[in-house]
Amino acid sequence: MNLLLLSNSTQHGRGYLEHALDTVTGFLPSGARLAFVPYALADHDAYTARVRDALTGAGIDVRGVHEGGDPLTRLGAADAVFVGGGNSFRLLSALYRTGLREALIKAVRGGLPYMGASAGTNMAAPSLRTTNDMPIVEPPSFEALGLVPFQINPHYLDPDPGSTHKGETREERLREFLEENEVPVLGLREGSWLRVEGERAVLGGERDARLFRRGAPPRELAVGSDLSELLGVRGEFNTRS
């Protein structure tokens, strides 16, 4: 498979996709017809226009899957697909409702390049269970696309030792996930991404990542790390008896 999985689409102080633009335009060559999936936000037209504005200068033809009829037809005519960020529950619910979930799985496993950001990156994992989002709608299932066999937590935030907040840190929430499920979780900090080409997966971007496994302390992963071993894991869910 050919995947670019961004932690975020907007970096502090920069425009939309600006922090990753060279990587994105390398992944999506000039002239590519890009099917954009805007369902993680409510205003699909405005969201698509934002992506179009960011990528038109690179010669990429952005077409919202909601524009002009059947989303599956739009996907079938594309050279690549971009699933944008927003609310992961709303996004997954729409993928089920439109039939895009099964269509994306088939198309991407068949070679269609897939780019995700935030919620779109969550979709590439087997399950929705490591999203940060509020469940504003109820999808038919938490089963996502399963393009990679491990979980991802975009926008990963490190614990702040000086914070007076008494709720769970992101690390504590991921540890809770691992008490119930035995599958690695890749915590992508802001500005980082994962590039998957065939059997190879490499961490890219501006910041290191963190890998969580059951029964082991979190491991720091430097930009440029080869994470190909994660593509061979077999995760198990609901493992607590």
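Predicted model: local features only at pLDDT ≥ 70, side-chain atom pairs only at ≥ 80, totals over all residues.
Q: Is S127 buried or exposed?
A: Buried, because its relative accessible area is 6%, and the cut-off for buried is under 20%.

Q: What lies 3.1 Å from a polar atom of the S127 side chain?
A: That's the backbone nitrogen of R129.

Q: Staying with that loop, where's V137?
A: V137 is also in the loop between α6 (119–123) and β6 (151–156).

Q: Switching to charge: which residues make up the negative patch on the surface?
A: E168, E172, E176 and E179 gather there.

Q: Where is E168 in all that?
A: E168 is in the loop between β6 and α7, the helix that spans 170–180. Its relative accessibility is 38%, so E168 counts as partly exposed.

Q: OK, salt bridges. How many are there?
A: The count comes to 15.

Q: What does R33 pair with?
A: R33 pairs with D79, at 3.1 Å from N to O. That bridge links distant parts of the chain, with the partners 46 residues apart. R33 is in strand β2 (residues 33–37), while D79 is in the loop between α3 (71–76) and β4 (80–83).

Q: Buried or partly exposed, those two?
A: Partly exposed: R33 has a relative accessible area of 33%, and D79 has 33% as well.

Q: What about R101, what's its partner?
A: E102, with the closest N and O atoms 2.6 Å apart. R101 itself counts as buried, at 11% relative accessibility.

Q: And which residue does R210 meet in a salt bridge?
A: E171, at 2.7 Å from N to O. R210 is in strand β10 (residues 209–212) and E171 is in helix α7, 39 residues apart, so to speak a link between distant parts of the chain.

Q: How accessible are R210 and E171?
A: R210 is at 15% relative accessibility and E171 is at 14%. Both count as buried, because the cut-off is under 20%.

Definitions and conventions
Residues numbered from 1 in each chain as written. Heavy atoms only, no water. Helix = DSSP H or I, 4+ residues; strand = E, 2+ residues; numbered from the N terminus. Patch = residues over 30% accessible without salt bridge, like charges linked within 9 Å, V, L, I, M, F, W, Y side chains within 5 Å. Areas by Shrake-Rupley, 256 points an atom, 1.4 Å probe, with all protein chains shown as cover. Salt bridge = Lys/Arg side-chain N within 4 Å of Asp/Glu carboxyl O. Lys, Arg positive; Asp, Glu negative; His and termini not counted. Charge placed at Lys NZ, Arg CZ, Asp CG, Glu CD. Buried < 20%, exposed > 50% of the residue type's maximum accessible area, 1.4 Å probe, protein only. Polar contact = N/O pair within 3.5 Å; in protein donor to acceptor, adjacent residues only side chain to side chain.
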